[in-house]
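Subject: Structure handover

Hello,

Please find the structure below. My notes on it follow.

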Amino acid sequence: MKNILFRMGRFLGRYTQRRTQSLVFTIIGCLAVLSAIAFGTMYVLAEPASTSSERPAIKAPNLGRHFQEFGREGSILIYDSKNNRTYEHNAQRNATAIAPASTFKIFNALVALETGVVPDDVAVLTWDGIHRDIDAWNHDTNLRQAFKDSTVWFYQVLARRAGHERMQQFINKVGYGNRQIGTAADIDRFWLEQQLLQITPKEQIKFLQRLDRGDLPFSQRTINLVKDIMIREQTPDYTLRGKTGWLTTTKPNVGWFVGYLEQNKNVYFFATTLDMQKSEDAPARIEITRRSLKDLGLLTQIN
């Protein structure tokens, strides 16, 4: 009888010990889960994630071949804002600052409208009667048409009327390029001289991004008007805004084409530079840009 009672006691002891251990482990496990929830980290074993939803690899197009086709040195930078992806040719040149030439008309127009130098985009300024080589410049014109024709004298008048002090203030507020506009005597040519205001293609794109977002020290009315006069092409499928420039104070001359394309609920910013030797080279700035955008499946009709 004693033996039976002894064995039963040992069995109950072991059973109680196992239940106690089990209870302790359960409590520890619960505490671990609660701790993981509290601190936001919980490690679990899982099957490898499916790759079906991963972004497909996109092969960067050879944008340099378009420059080779025209036999010209240059650079291009395209920024896909939705996918935060950059395509470029000649990265070193895209980081090199040069005078903005007539691409500065974007900024100049913003200042003129904001300061009331011109009340709107259709107010006419009288031609000064000085004959210039480009026929489209030799007549009265307004902000919108002068932007399209890249009429230098018109925007020189706007800069003189805005004045050196106000222009410098806006340049500083925006942080445009190297911010160097010279003295008051340079007010109507500082964007045309390589020794003064300079900007890189990368900086051009940053400026255009801020313009598109409305993140500039100008009223929404001013920004909307300038964005409207920048439109070069508009179809049911896309809107292309841009401005050309031609820097003649360097050898070789340098052509610009900067702007942005709205298509497929996305915005693609671009800045192109091109060495130019003669007037016949001018269209290549735009054509190279268009071909590069087409390489990305853009500027095509969408069914």
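Helices (H or I, at least four residues) and strands (E, at least two) are DSSP runs, numbered from the N terminus. This is a predicted model, in which local features need pLDDT of at least 70 and side-chain atom pairs count only at pLDDT 80 or more, while totals for chains, interfaces and linings use all residues. Residues are numbered from 1 along each chain as its sequence is written, and side-chain values use heavy atoms, with hydrogens and water left out.

Two backbone points come first. Lys251 and Pro252 are joined by a cis peptide bond, with omega about -5°. Pro252 sits in the loop between E6 and strand E7 (253-263). Arg179 is not a glycine, yet has a positive phi of about 70°; Arg179 belongs to the loop between helix H7 (164-174) and H8.

Next, the helix packing. Axes are lines fitted to C-alpha atoms, for helices over the stretch in contact, and angles run from 0 to 180 degrees between N-to-C directions. Helix H4 (residues 105-115) packs against helix H8 (residues 201-213) at an angle of about 40°, and their axes are 12 Å apart. H4 and H8 are therefore oblique to each other (angles under 35 degrees count as roughly parallel, over 145 as roughly antiparallel, 65 to 115 as roughly perpendicular and the rest as oblique). In contact (heavy atoms within 4.5 Å) are Ile106, Phe107 and Leu110 of H4 with Phe207, Leu208 and Leu211 of H8. The residues of this contact are 6 nonpolar, no polar and no charged; Ala, Val, Leu, Ile, Met, Phe, Trp, Tyr, Cys and Pro count as nonpolar, Asp, Glu, Lys and Arg as charged, and the others, Gly among them, as polar.

H4 also packs against helix H9 (residues 220-229), at about 140° with the axes 9 Å apart. H4 and H9 are therefore oblique too. From H4 the contact takes Ile106, Ala109, Leu110, Leu113 and Glu114, and from H9 Thr222, Ile223, Leu225, Val226 and Ile229. By class these are 8 nonpolar, 1 polar and 1 charged.

Last, the largest pocket. A pocket is an open set of points on a 1 Å grid over the protein atoms alone where a 1.4 Å probe fits, with protein on both sides within 12 Å along at least five of seven lines; lining residues have an atom within 4 Å of a point. The lining has 26 residues, with Trp137, Asp149, Ser150, Lys243 and Thr244 nearest the centre. E6 gives the most to this lining, with 6 residues. The lining divides into 12 nonpolar, 8 polar and 6 charged residues.

Regards
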